[in-house]
Amino acid sequence: AVVGVITLSDKSTGAGKPAEKVEVSLSESPQIHSITDERGFYMLGNVPVGEHSISIKFATTVNEKEEERLKKDTIKIERAQAIVKKNVTIE
């Protein structure tokens, strides 16, 4: 499994706040996905061994319009790893 927390960067304070209701999935296996909870936590189960691209889909407001954005990251699952942590900050 891959678990982690997605946070939104606050440029004014430099701190991050949890990103709620963000969709996280494996790019090559979109059926393996999760939605973050109120703490920004997500979990992807049954992730096979190997290197994977993770897609993070979220909504943001630009010029008073809501837009859907996509961020990609990578994770490598080694043999015999039960849980891999992957935290991501969205700027």
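Predicted model: local features only at pLDDT ≥ 70, side-chain atom pairs only at ≥ 80, totals over all residues.
At 10% relative accessibility, Ser55 counts as buried, where buried means under 20% relative accessible area, exposed means over 50%, and partly exposed lies in between, using a 1.4 Å probe and protein chains only. Residues are numbered from 1 along each chain as its sequence is written, and side-chain values use heavy atoms, with hydrogens and water left out.

Ser55 belongs to strand S6; strands (E, at least two residues) and helices (H or I, at least four residues) are DSSP runs, numbered from the N terminus. The side chain of Ser55 makes a polar contact with the side chain of Ser27, at 2.6 Å. A polar contact is a pair of N or O atoms within 3.5 Å; within protein, one atom must be able to donate a hydrogen and the other to accept it, and residues adjacent in sequence count only if both atoms are side-chain atoms. When neighbours within four places in sequence are left aside, Ser55 is in contact (heavy atoms within 4.5 Å) with Glu23, Val24, Ser25, Ser27, Leu70, Lys71 and Lys72.

## The chain as a whole

The protein chain has 0 helices and 9 strands, and from the N terminus on its elements run β-β-β-β-β-β-β-β-β. Along its principal axes, the C-alpha trace spans about 45 × 25 × 20 Å. With 91 residues, a compact globule would have a radius of gyration near 12 Å, and the 14 Å of the protein chain agrees with this; the radius is taken over C-alpha atoms, and the globule rule is 2.2 Å times the number of residues to the power 0.38.

Of the 91 residues, 32% count as buried. Among the contacts in the protein chain with a separation of 6 or more, 46% are between residues 24 or more positions apart.

Strands of a sheet pair through backbone hydrogen bonds, either parallel or antiparallel. Two strands are said to pair if DSSP finds at least two bridges between them.

## The partners of strand S1

Strand S1 has antiparallel pairings with S5, over 4 bridges, and with S2, over 3 bridges.

The bridge partner of Val3 in S8 is Lys85, and the bridge partner of Ile6 in S9 is Val88.

## The largest nonpolar core

A nonpolar core is a set of buried Ala, Val, Leu, Ile, Met, Phe, Trp, Tyr and Cys residues joined through side-chain atoms within 4.5 Å. The largest such core holds 18 residues, of which Val2, Ile6, Leu44, Val47, Ile54 and Ile56 touch the most other members. At least two residues of this core come from each of the strands S1 (2-9), S3 (23-26), S5 (41-44), S6 (50-62), S7 (65-77) and S9 (88-90), and the largest share, 3 residues, is supplied by S6.

Val2 illustrates how such a residue is surrounded: apart from its neighbours within four places in sequence, Val2 is in contact with Tyr42, Met43, Leu44, Val47, Ile54, Ile75, Ile77, Val84 and Lys86.

## Two loop residues with positive phi

Lys21 lies in the loop between strand S2 (16-18) and S3, and its phi is near 60°, a positive value in a residue other than glycine. Lys21 is exposed, with a relative accessible area of 65%.

Asn46 lies in the loop between S5 and S6, and although Asn46 is not a glycine, its phi is positive at about 55°. Is Asn46 buried or exposed? With a relative accessible area of 75%, Asn46 is exposed.
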